[in-house]
Amino acid sequence: MQSLRIVPDLRSSVVEEMPATQALLFTSARTDADDELMQDPRVRPFTWGTYVRQLRDPELVVLEVAEPLWFGEWKKAVRYLSLAKTVRPGIRVATYAIENFDAAERLGSRTRAVGLSLRGLDLIAFGTSGAADNYRATFGPALDRIHHAVLPPRIDTCTVCGPTGGTTRERRVLFLGTPSERKGYPVLLEAWERLDPDWQLVVADPSGAEPPALPANADLRLDPPRGEIHELLRTSAVVVMPSVRRPGWREQIGLPLVEGLAHGCRVVTTTETGLADDLRDHPDVVLTTPGDATDLAEGLRGAMQRGAEAPSRDGHTKRDVVSWWLEAAKTPRRPARTGSP
């Protein structure tokens, strides 16, 4: 085991993307986490005893903890990394940062304390350009001693399904996730009334929450198993993720966006995702104005009228991110700066 990851709010896709040389301890899991995936012997519930035993693995090089702007989890992470550097001197501590909501606004009076605590980190991989800009704006000097890079996710062939070329695409638009206001569901309902009635909308809600209102020619899948989600992604023509900013929240990446492209779908989303700048010129991505039903309808109409291209290999898988950490861990530590972050 070369890397150990401590994960809150574990989801199925995290297990699917694990590198072979990684072990994973989870402190909590989503209700839709696939039971079969959770049986992977490399995946275990977090206990302090298990954690210490993993830290003593002679091959361990990198510990990955939750990102600093996930403040409740970051307070726990500070304890994890402190113990790690006591039990395993020389271990490098890494985080994958994707928060897109203004850091100073999110943290308020805690901003300075978090900036100082960044000294416990050695490696940061930013999952989007939006997240990197967000951290630099608030913690610029504190990042100087930390090896960091922007490694947006690779929009590549799904590792579970394999190549999807030749798959029959239904005249279907897939909304994958909780049909909430912040995910833009009310805007989608308004936009859908303006679109081709021969197309179907499928709302797949892995959380299994209370059934939402549905427009004409729509189907609801509550709490679908992971295999069904992959099947929907393989056979749908378009994935829609019309996120809208809400108080205290902004779309970080958007798993439906990444999974849709990895399965060969066209994707219609908004400029709220932290990947907006990274995907602005992507041939299979349509960026629309958040909260604008007219613009969303136009974006969907365009996506529904043309087929998707083969998945692009630009970007990085989680395996690439871990490989970058392991390579960066070979470099000398940068000296800590003094003064304010």
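The following legends describe close-up views of a predicted model.

**View A. Packing of helix α2 against helix α3.** Helix α2, residues 48-55, packs on helix α3, residues 71-87, at an angle of about 45 degrees. Their axes lie 10 Å apart. Angles under 35 degrees count as roughly parallel and those from 65 to 115 as roughly perpendicular, and α2 and α3 are therefore oblique to each other. The crossing of α2 past α3 is right-handed. From α2, the residues that make the contact are W48, Y51, V52 and L55. From α3, they are R79, Y80, L81, L83, A84 and V87. By class, the residues of this contact comprise nine nonpolar, no polar and one charged. Two packed helices are described by the angle between their axes and the distance between the axes.

View B. R92 belongs to strand β5, which spans residues 92-97. Its relative accessibility is 5%, and because buried means under 20%, R92 counts as buried.

View C. N100 is located in the loop between β5 and α4, the latter covering residues 103-107. With a relative accessibility of 6%, N100 counts as buried. The side chain of N100 reaches the backbone oxygen of E251 at 3.2 Å. When neighbours within four places in sequence are set aside, the contacts of N100 are G130, A131, N134, R250, E251, Q252, E272, T273 and G274.

**View D. The buried residues of helix α6.** Helix α6 runs over residues 129-139, and its buried residues include G130, A131, A132, N134, Y135, T138 and F139. Among the elements that cover these buried residues are the strands β5, β6 (123-126) and β7 (147-150). The helices α4 and α5 (111-117) also belong to this cover. An α-helix has 3.6 residues a turn, so residues three or four places apart point the same way. G130, A131 and N134, which are buried in α6, are also contacts of N100.

View E. Most residues other than glycine have a negative phi. N217, in the loop between β9 (200-205) and β10 (218-222), has a positive phi near 55 degrees. At 39% relative accessibility, N217 counts as partly exposed. D223 occupies the loop between β10 and α8, the helix of residues 226-235. The phi of D223 is likewise positive, near 50 degrees. D223 has a relative accessibility of 46% and counts as partly exposed.

**View F. R306 in the loop between helices α11 and α12.** R306 is placed in the loop that joins α11 (293-304) and α12 (318-328). At 40% relative accessibility, R306 counts as partly exposed. R306 touches R266 and P283 when residues up to four places away in sequence are not counted. The C-alpha atoms of R306 and G90 are separated by 53 Å. These two residues stand 216 residues apart along the chain.

How values were computed: Residues are numbered from 1 along each chain as its sequence is written. This is a predicted model: local features need pLDDT of at least 70, side-chain atom pairs count only at pLDDT 80 or more; totals for chains, interfaces and linings use all residues. Side-chain values use heavy atoms; hydrogens and water are left out. Axes are lines fitted to C-alpha atoms, for helices over the stretch in contact, and angles run from 0 to 180 degrees between N-to-C directions. Helices (H or I, at least four residues) and strands (E, at least two) are DSSP runs, numbered from the N terminus. Angles under 35 degrees count as roughly parallel, over 145 as roughly antiparallel, 65 to 115 as roughly perpendicular and the rest as oblique. A crossing is left-handed if the near helix is turned anticlockwise from the far one by less than a right angle, and right-handed if clockwise. Contact means heavy atoms within 4.5 Å. Ala, Val, Leu, Ile, Met, Phe, Trp, Tyr, Cys and Pro count as nonpolar, Asp, Glu, Lys and Arg as charged, and the others, Gly among them, as polar. Buried means under 20% relative accessible area, exposed over 50%, partly exposed in between (1.4 Å probe, protein chains only). A polar contact is a pair of N or O atoms within 3.5 Å; within protein, one must be able to donate a hydrogen and the other to accept it, and residues adjacent in sequence count only if both atoms are side-chain atoms.
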